[in-house]
Amino acid sequence: MGEEVYRCIECNEKAAELHRDYRNGILKITICDSCQKPVDKYIEYDPVIILIDAILCKTQAFRHILFNTSLNIHWKLCVFCLLCEAYLRWSVLHGSEQSSDPADIIRYTKEWEFYGMFGLAALELSAFCGAVLWFLWVWVGLLQGGSVELSLLFRALLLSCYGKVLLIPAVIWEHDYSPLCLGLIKLFVLTSNSQAIRVILNSSRRVSLVAVCLGLLSETCVAQLCRKLPWNIQDMLMFD
């Protein structure tokens, strides 16, 4: 652990350690040499407080999660969020179908259209991340001569999509304002993506917003292309 490089959550400067472990279990938080503030105050905080600050898109909380923790659940979180989005699309597809037999729910979940929706959601997410990574690689790596850790950036994008889990309660508590709720959830996810990019690259808000907008454009184009193809999967799913 001593050889790992951490980041100060206040000024983004590198630090060799987060705390020093003295005898008798006494820990002392390391002070940053640059800003003279604790390198990472969140190591003493409850995870709930960290989560709340992350939901509020605080830069310090994002730096703590992305740089100073060994949180490697991005793939699991990605799959879970894709399942949430696939379930939303699947529920809309069968929203008009009414059945009093609970066994029908189990039967429907085993049908291939749910996995088709999962595939579409995965394809759109791939288009979004691919466009964002390509733009940042060109802008920072080629035009500005900087270095871009694509793997770390990709991990940050996946982790910052945690807001998609709100799709499940939005479906369960559906009401007349569901489109508004879904739009707000999408806006929150994009805001988290933008903040994650800013934290990883230590860039301006303008660069992160352009990257997110380009990713959203790519995602929208892929979604529209899938609808216009001859083998449109939604038409196939609705065909009986």
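pLDDT is the predictor's confidence in each residue, from 0 to 100. The structure is a predicted model, in which local features need pLDDT of at least 70, side-chain atom pairs count only at pLDDT 80 or more, and totals for chains, interfaces and linings use all residues. Residues are numbered from 1 along each chain as its sequence is written, and side-chain values use heavy atoms, with hydrogens and water left out.

The protein averages a pLDDT of 82, and 82% of the residues score at least 70. Helices are DSSP runs (H or I, at least four residues), numbered from the N terminus. Among the elements, H2 has the highest mean pLDDT (93) and helix H10 (residues 233–238) the lowest (49). Over residues 236–240, pLDDT stays under 50. Where pLDDT is low, the predicted coordinates should not be read in detail.

The largest nonpolar core has 46 residues. Such a core is a set of buried Ala, Val, Leu, Ile, Met, Phe, Trp, Tyr and Cys residues joined through side-chain atoms within 4.5 Å. Buried means under 20% relative accessible area, exposed over 50%, and partly exposed in between (1.4 Å probe, protein chains only). Leu66, Leu136, Ile197 and Ile200 have the most contacts inside this core. Contact means heavy atoms within 4.5 Å. Beyond four places in sequence, Leu66 touches residues including Leu152, Leu159 and Ile200. Another core, of eight residues, lies apart and includes Phe114 and Met117.

Helix H5 covers residues 112–143. Trp134 lies in H5 and counts as exposed because its relative accessibility is 52%. The C-alpha atoms of Trp134 and Ala211 are 9.0 Å apart, although 77 residues separate the two in sequence. H5 is followed by Gly145, whose phi is positive, near 70°.

Methods
Helix = DSSP H or I, 4+ residues; strand = E, 2+ residues; numbered from the N terminus. Expected span 1.5 Å × (residues − 1).
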